[in-house]
Amino acid sequence: MRIELTANAGKRFHASLRQAGDREIGGMLLAEQLKSDHFRIVDFSLDSFSGSHTGFQRDPETHQKTLDEFFRRTGQDFQRFNYLGEWHSHPSFSVQPSTQDINTMTEIVENQSSLITFAVLLIVRLRFRIWIEHSLTVFARDQAPQPRRISRRVVWI
Ligand SMILES: [Zn+2]
């Protein structure tokens with residue numbers, strides 16, 4: 001699977017992380033599907049967290065509102081533009097997913113009442129206010145989490 005990022009989204013990540021400083025931020029990843037196994041992150045939501053690292057599973061209402069807005073903007077072309085997963089920052093520790101992160105993502109894809117059977121988790125960290133470190137993990141129902149990298153062609157700044 002290949003996942004890339006538009007230059008605009010990259011710039012926005014950078015600006016958001018800079019602005020947040022030591023505060024943890026996160027939201028949803030919204031993507032365009034280019035091929036069956038090739039996605040491009042075209043947008044993301046930026047939610048305010050209550051300060052707790054484990055709080056990234058937002059309430060369903062906010063989730064749906066963000067999605068609806070994205071679907072409207074992209075002409076309701078769900079096959080092409082859809083939810084890809086979640087992202088958040090680890091401002092002061094490693095970008096590897098925590099146990100809680102893995103549990104939360106597993107719950108999202110294993111939830112039998114949900115349509116989501118596949119989601120990625122992107123964790124980012126701004127280093128020295130200049131570059132972004134990241135980890136990207138793919139979660140799919142009935143499968144073990146798989147670590148990935150964002151395509152190297154991506155420029156984060
Ligand atoms: Zn985390």
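**Close-up views of the predicted model**

**View 1. Phe128 sits in the loop that joins S5 to S6.** Helices (DSSP H or I runs of at least four residues) and strands (DSSP E runs of at least two) are numbered from the N terminus. The model is predicted: local features are reported at pLDDT of at least 70 and side-chain atom pairs at pLDDT 80 or more, whereas totals for chains, interfaces and linings use all residues. Residues are numbered from 1 along each chain as its sequence is written, and side-chain values use heavy atoms, without hydrogens or water. Phe128 has a phi near 50°, a positive value in a residue other than glycine. Most residues other than glycine have a negative phi. Phe128 counts as exposed because its relative accessibility is 60%; the classes are buried under 20% relative accessible area, exposed over 50%, and partly exposed in between, with a 1.4 Å probe and protein chains only.

**View 2. Phe128, Ile130 and Trp131 make up a nonpolar surface patch.** Together the three residues have about 360 Å² of accessible area, computed by the Shrake-Rupley method with a 1.4 Å probe and with only the protein chains shown as cover for residues. Patch members have over 30% relative accessible area and no salt bridge; nonpolar side chains (Val, Leu, Ile, Met, Phe, Trp, Tyr) are joined within 5 Å and like charges within 9 Å. Trp131 belongs to strand S6, and its relative accessible area of 44% makes this residue partly exposed.

View 3. Asp142 counts as exposed, with 66% relative accessibility.

**View 4. H1 and S5 each give two or more residues to the lining of the second largest pocket.** The volume of this pocket is about 170 Å³. Its lining consists of Leu17, Arg18, Ala20, Gly21, Asp22, Arg23, Ser89, Pro91, Arg125, Leu126, Arg127 and Arg129. On a 1 Å grid over the protein atoms alone, a pocket is an open set of points where a 1.4 Å probe fits, with protein on both sides within 12 Å along at least five of seven lines; lining residues have an atom within 4 Å of a point. Grid points are joined across faces, edges and corners, and the volume is the space filled by probe spheres set on the points. Arg127 lies in strand S5 and is partly exposed at 21% relative accessible area. From C-alpha to C-alpha, Arg127 and Arg18 are 9.7 Å apart in space, and 109 residues separate them in sequence.

**View 5. Ile3, Phe13, Leu29, Leu84, Trp87, Val120 and Leu122 touch the most other members of the largest nonpolar core, which has 22 residues.** At least two residues of this core come from each of strand S1 (2-5), helix H1 (7-20), strand S2 (26-35), strand S3 (38-44), strand S4 (81-89), strand S5 (118-127) and strand S6 (131-140). A second, separate core has 15 residues, including Phe81, Ile108, Val109 and Ala119. A core is a set of buried Ala, Val, Leu, Ile, Met, Phe, Trp, Tyr and Cys residues joined through side-chain atoms within 4.5 Å. In the chain as a whole, 47% of the 157 residues count as buried. The chain has three helices and seven strands, in the sequence order β-α-β-β-α-β-α-β-β-β.

**View 6. A salt bridge joins the side chains of Glu4 and Arg40, 3.3 Å from N to O.** Glu4 in strand S1 and Arg40 in strand S3 are 36 residues apart, so distant parts of the chain are linked. Glu4 is buried at 9% relative accessibility, and Arg40 is partly exposed at 26%. The count of salt bridges (a side-chain nitrogen of Lys or Arg within 4 Å of a carboxyl oxygen of Asp or Glu) comes to eight.

**View 7. Glu32 and Arg80 form a salt bridge, with their closest N and O atoms 2.8 Å apart.** Glu32 is in strand S2 and Arg80 is in the loop between helix H2 (60-73) and S4, so the bridge ties together parts 48 residues apart in sequence. Glu32 counts as buried at 10% relative accessibility, while Arg80 is partly exposed, with a relative accessible area of 38%.

**View 8. Asp43 and Arg73 meet through their side chains in a salt bridge of 2.4 Å, N to O.** This pair links distant parts of the chain, with Asp43 in strand S3 and Arg73 in helix H2, 30 residues apart. Asp43 is buried at 16% relative accessibility, and Arg73 is partly exposed at 49%.
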